Amino acid sequence: MDGKNKVTQSNAILCYTAGKHMCGETEKIQVDILENQATNFHTQLIQHCYNSDHEKLKPQYLQQLPEQLKQFSMFLGEILMVCKGKLTFVDFPIYDVLGQNRMFEPKCLDEFPHLKAFMCPFEALEKTAAYNAV
């Protein structure tokens with residue numbers, strides 16, 4: 001609840017909250033782009049993992065993975081958070097999809113120092129570290 005506004009779906013809550021506290025217009029556009037790219041990337045991984053032929057298709061997924069990661073790395077550039085160091089809601093799905101791909105292929109981020117640096121602040125959090133240790 002935010003005044004008269006009641007938002008009940010988790011992603012809608014994230015978007016609503018981010019919209020109220022976001023940086024400038026350029027950053028909003030970047031966030032929208034990254035949110036949709038993270039969703040597409042996540043969907044590709046899920047489709048692969050739930051495919052009955054996932055083991056047979058794994059080399060094909062791994063072949064396209066560096067290009068996907070390269071896109072994120074180039075877009076993020078030197079910034080560690082999308083909005084010039086200010087945490088936004090889209091940082092969470094990006095961290096999630098990068099982490100899932102790293103679980104799928106542990107060395108996939110080795111060639112992308114910006115992405116590894118992007119993940120560091122999340123992994124430094126005590127609860128994230130505890131969750132990842134499981």
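Me: Is Ile 33 buried, partly exposed or exposed?

Reply: The model is a predicted one, and in it Ile 33 sits in helix H2, which spans residues 25-49. Buried means under 20% relative accessible area and exposed means over 50%. Because the relative accessibility of Ile 33 is 43%, the residue counts as partly exposed.

Me: Which residues make the nonpolar surface patch of about 260 Å²?

Reply: A residue must have over 30% relative accessible area to belong to a patch, and Ile 33 stands at 43%. The patch, with an area of about 260 Å², is made by Ile 29, Ile 33 and Phe 75.

Me: What is the order of elements in the chain, from the N terminus on?

Reply: The chain has 6 helices and 0 strands. Among contacts between residues at least 6 apart in sequence, 67% join residues at least 24 apart. Read from the N terminus, the elements run α-α-α-α-α-α.

Me: Which residues does His 48 touch, not counting residues up to four places away in sequence?

Reply: His 48 has its place in helix H2, and with a relative accessibility of 7% it counts as buried. Once residues up to four places away in sequence are left out, the residues that His 48 touches are His 54, Leu 57, Lys 58, Tyr 61 and Phe 104.

Me: Which helices are included in what covers the buried residues of H5?

Reply: Helix H5 comprises residues 113-123, and its buried residues are Leu 115, Phe 118, Met 119 and Phe 122. These residues cover an arc of only 90 degrees around the axis, so they lie on the same side of H5. The cover over the buried residues of H5 includes helix H3 (54-76), helix H4 (91-104) and helix H6 (126-133).

Me: What distance separates the C-alpha atoms of Gly 77 and His 114?

Reply: Gly 77 lies in the loop between H3 and H4, and its relative accessible area of 19% means that it is buried. Gly 77 and His 114 are 37 residues apart along the chain, while the separation of their C-alpha atoms is 6.6 Å.

Me: How far apart are the closest N and O atoms in the salt bridge between Glu 123 and Arg 102?

Reply: Side chains of opposite charge can pair when their charged atoms come close. A search of the whole structure finds 2 salt bridges, and one of them is formed by Glu 123 with Arg 102. This pair links distant parts of the chain, with Glu 123 in helix H5 and Arg 102 in helix H4, 21 residues apart. Glu 123 is partly exposed at 25%, Arg 102 is partly exposed at 28%, and their closest N and O atoms are separated by 2.4 Å.

Me: What is the N to O distance in the salt bridge of Asp 110 and Lys 116?

Reply: Asp 110 is partly exposed, with a relative accessible area of 41%, and Lys 116 also counts as partly exposed, at 39% relative accessibility. A salt bridge requires a nitrogen to oxygen distance within 4 Å. The side chains of Asp 110 and Lys 116 meet in a salt bridge with an N to O distance of 3.7 Å.

Me: How many disulfides does a search of the whole structure find?

Reply: Cys 49 is partly exposed, its relative accessible area being 36%, whereas Cys 108 is buried at 9%. A disulfide would need a pair of cysteine sulfur atoms within 2.5 Å. For the whole structure, the number of disulfides found is 0.

Technical notes
Residues are numbered from 1 along each chain as its sequence is written. This is a predicted model: local features need pLDDT of at least 70, side-chain atom pairs count only at pLDDT 80 or more; totals for chains, interfaces and linings use all residues. Side-chain values use heavy atoms; hydrogens and water are left out. Patches are made of residues with over 30% relative accessible area and no salt bridge: like charges are joined within 9 Å, nonpolar side chains (Val, Leu, Ile, Met, Phe, Trp, Tyr) within 5 Å. Accessible areas come from the Shrake-Rupley method with a 1.4 Å probe; for residues, only the protein chains shown count as cover. Helices (H or I, at least four residues) and strands (E, at least two) are DSSP runs, numbered from the N terminus. Buried means under 20% relative accessible area, exposed over 50%, partly exposed in between (1.4 Å probe, protein chains only). Contact means heavy atoms within 4.5 Å. The arc is that of the directions from the helix axis to the C-beta atoms.
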